[in-house]
Amino acid sequence: MKILLVEDDLMIAESIQEALSEEGFLIDRVCNGAEADIALMGQRYDAMLLDLGLPKKDGMEVLRGLRARRDSTPVLVITARDTVPERVAGLNGGADDYLVKPFDLYELVARLRAVVRRARGHLESVYRHNDITLNSVTREALIDGKPVVLSSREWAVLDALIARPGAICSRPQLEQHLYGWSSDVESNAVEVYIHGLRKKLGHDFIMNVRGVGYMVAKSV
Amino acid sequence: MKSLRIRLLLLLGALIVISTIVLFATLFRTAINQANKLFDYHMQQIALALQDSNFDRIELSAGRLDENMAFDFVIQIWNEDGVQVYESRKHRFLPGRAAIGYSTVNMENGEWVVYAVHTNNRVIQVTQQMKVRHDRAIKLILYSLWPIIPTALILMGAIWWVVSRAMMPLNRISSEIGNRNAAALEPVSEAGLPSEVVPLVSELNSLFDRLSKAMGLQQQFVADAAHELRSPLTALKLQVQTLERAKDETARAQAIARLVGGIERAIRLVEQLLALARQDPLSRSPFDNKPVLLSACACDAMADVSSLASSKGIDLLYKEQAQIYVHGDPENIRILIRNIVDNAVRYTPSKGIVEVVVDKEENNSVVIVSDSGSGIPEEEKARIFDRFYRVPGTYPMGSGLGLPIVKAIAEHHSATIVLERATLGGLAFKVRFPSVAA
């Protein structure tokens with residue numbers, strides 16, 4: 001999953017980025033509201049972690065702008081503003097969840113996943129198709145009950161596909177899920193990982209729509 | 001005597017008693033004189049009434065008169081030959097023929113008042129015992145004057161009541177203030193107060209207002225401080241949880257290093273908060289006011305910042321142009337210089353220079369901290385003294401309180417702050433202390 005982290009406190013941002021990366025998230029990080037706007041307009045994120053007290057542009061303004069653009073990116077607000085009126089304002093302003101500092105790392109991860117799950121309309125985090133079971137939270141892949149090991153890059157591509165089963169993901173979209181700003185994109189990386197996934201999960205599992213992209217069937 | 005009311009009552013009461021006594025005494029004297037004149041007049045009239053009478057008897061017949069109708073006067077009549085022809089009553093001691101007109105005669109049984117008139121070849125003498133006259137006079141006076149006493153008492157009662165009523169607004173205020181708790185600083189109502197007390201209450205209300213504003217600032221500070229502590233604490237919590245999840249030695253080492261950095265930051269913030277709180281006028285910390293050697297403070301301050309400077313490869317230079325003393329609190333002046341130098345080091349890029357100069361400018365002592373950084377844009381110059389304001393994106397992170405503390409300490413010492421462009425290229429932060437006789 002690709003997450004935009006908007007947080008001006010460097011120590012907090014560092015810790016969150018590291019922990020979420022370990023959990024399999026891909027993090028783009030900005031430290032003020034203006035840069036957040038630019039990032040949001042540049043690509044689609046699976047979710048945004050938004051601090052409110054930001055330099056250059058306040059987090060609430062970023063949120064308002066996002067929703068005014070009819071952008072439904074899930075937003076989890078993380079902030080020190082803890083009074084009830086502020087929480088209500090945040091949620092009413094378009095946030096999908098509101099977490100007050102100081103918060104627990106595990107709770108942050110769980111809420112983030114919940115917000116993404118809700119946005120995707122999934123009942124649970126487990127994807128099933130024929131004899132394939134995929135759990136993107138636990139990073140467990142089972143074929144016929146037997147575990148299969150996938151690399152984190154493979155998981156990144158797979159997660160993008162099973163996020164919207166039945167919908168086509170283009171190559172650029174899949175690339176965005178593989179790379180943050182700081183990495184160089186290898187030109188045929190997506191094909192390589194798709195090839196690897198087909199080898200491990202079955203050739204028919206991932207369907208290729210020529211010229212458009214890839215997709216997986218709906219979960220059963 | 002502390003009580004205004006009792007003092008008033010005693011004074012007024014004493015005045016009333018004294019006036020009553022003086023009034024009584026004066027009236028008494030006048031009444032006695034008038035009574036005497038009246039009795040004298042009576043005696044004359046009796047004597048004149050008898051001038052045409054012929055007396056068959058030589059003395060008043062006893063038993064004829066009613067018991068209650070006592071005849072106090074003694075009437076004696078002598079004929080032209082000096083023979084007593086009438087005596088109204090026999091007395092053991094009786095004045096003999098006295099001079100014509102009014103006189104007093106002292107007999108063994110007391111004083112007698114005598115009036116004698118010579119008429120129709122006779123001398124008619126009317127005599128009265130002074131004691132009798134005196135008793136009559138006293139009775140007359142007392143009957144006339146006794147209302148003064150109850151009047152005086154009623155007057156005193158009335159004064160008591162009036163004074164109490166007048167004191168009521170003061171009682172109201174004192175009980176209203178006495179019933180308040182520590183936080184109630186609303187103004188006291190001035191309604192119905194005598195104009196003499198209004199200035200007092202008005203100043204009291206003004207004091208309440210100042211206190212309430214100061215308390216408001218303090219509460220705001222506490223709220224701001226609590227808010228500001230959240231981010232460092234969040235960072236700590238996340239850093240500990242990251243440490244818990246560390247899978248190998250390198251990850252653990254890195255997580256611990258980060259955690260230590262987070263703790264340092266939290267400690268620094270708390271220290272700065274305490275330093276700022278101590279500058280608050282309500283904080284009651286005692287400030288020294290003695291001669292302070294600026295160079296000593298500058299060197300101490302620079303020592304505090306040296307490790308930060310060396311970690312960034314920044315040259316920390318010191319130049320002392322004069323041996324200068326200023327008046328103030330040495331600890332606070334050290335903090336002032338340290339915060340300015342710390343700020344300079346923080347916002348100057350690596351391998352830069354920060355220079356501290358202690359000098360004399362005209363009659364004032366100055367400390368100038370210059371850096372080779374990028375200076376401060378004009379519009380930011382006012383904001384940097386706001387609490388918790390930080391230039392975003394710098395690492396390691398400041399508390400946002402360094403310069404507000406500098407400003408507070410400078411104000412305490414009546415020093416001025418000037419921000420200029422430094423020859424080194426960045427900011428020259430100048431603190432000018434008031435001139436002091438060395």
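1. Ser414(B) sits in the loop between helix H8 (402-412) and strand E11 (416-421) of chain B. Its phi is positive, about 55°, although Ser414(B) is not a glycine. Ser414(B) counts as exposed because it has 11 C-beta neighbours inside 10 Å. The classes: buried means 20 or more other C-beta atoms within 10 Å of a residue's own, exposed means 12 or fewer, partly exposed lies in between, and C-beta atoms are placed from the backbone. Helices (H or I, at least four residues) and strands (E, at least two) are DSSP runs, numbered from the N terminus.

2. On provenance: this is a predicted model, in which local features need pLDDT of at least 70, side-chain atom pairs count only at pLDDT 80 or more, and totals for chains, interfaces and linings use all residues. Residues are numbered from 1 along each chain as its sequence is written, while chains are lettered from A and ligands numbered from 1 in the order in which they are written.

3. Lys56(A) also deserves a look. Its phi is positive, near 70°, and Lys56(A) is a residue other than glycine. Lys56(A) is in the loop between E3 and H3 of chain A. It counts as partly exposed because it has 15 C-beta neighbours inside 10 Å.

4. Next, helix H3 (residues 59-68) of chain A. Its buried residues are Gly59(A), Met60(A), Val62(A), Leu63(A) and Leu66(A). Seen down the axis of H3(A), they fall within an arc of 160°, so they line one face of the helix. The arc is taken over directions from the helix axis to the C-beta atoms. Their cover includes strand E1 (2-6), helix H2 (33-42), strand E3 (47-51) and strand E4 (75-79) of chain A. Arg70(A) follows H3(A) and has a positive phi, near 60°.

5. Check the peptide between Lys101(A) and Pro102(A): the bond is cis, with omega about -5°. Pro102(A) is in the loop between strand E5 (97-100) and helix H5 (105-120) of chain A.

6. The interface: 19 residues of chain A are in contact (C-beta atoms, placed from the backbone, within 7 Å) with 20 residues of chain B. Helix H1 (residues 10-22) of chain A gives the largest share of the chain A side, nine residues. That side divides into eleven nonpolar, two polar and six charged residues. Here Ala, Val, Leu, Ile, Met, Phe, Trp, Tyr, Cys and Pro count as nonpolar, Asp, Glu, Lys and Arg as charged, and the others, Gly among them, as polar.

7. Chain B has an open sheet of five strands, ordered E2-E1-E5-E4-E3, with antiparallel pairing. Strands pair if DSSP finds at least two bridges between them. The edge strands are E2 (84-87) and E3 (101-107) of chain B, each pairing on one side only. Strand E1 (residues 74-78) of chain B is mostly covered, with four of its five residues buried. Five bridges join E1(B) to E5(B), and three join E1(B) to E2(B). Gln125(B) in E5(B) is the bridge partner of Gln76(B), and Ala116(B) stands opposite Gln125(B). In the hairpin of E1(B) and E2(B), Gly82(B) takes a positive phi near 90°.

8. Finally, a helix pair. Helix H6 (residues 294-311) and helix H7 (residues 330-347) of chain B pack at about 35°, with axes 8 Å apart. Axes are lines fitted to C-alpha atoms, for helices over the stretch in contact, and angles run from 0 to 180 degrees between N-to-C directions. The contact of H6(B) with H7(B) has twelve nonpolar, no polar and five charged residues.

Note on methods: Two residues are in contact if their C-beta atoms, placed from the backbone, lie within 7 Å.
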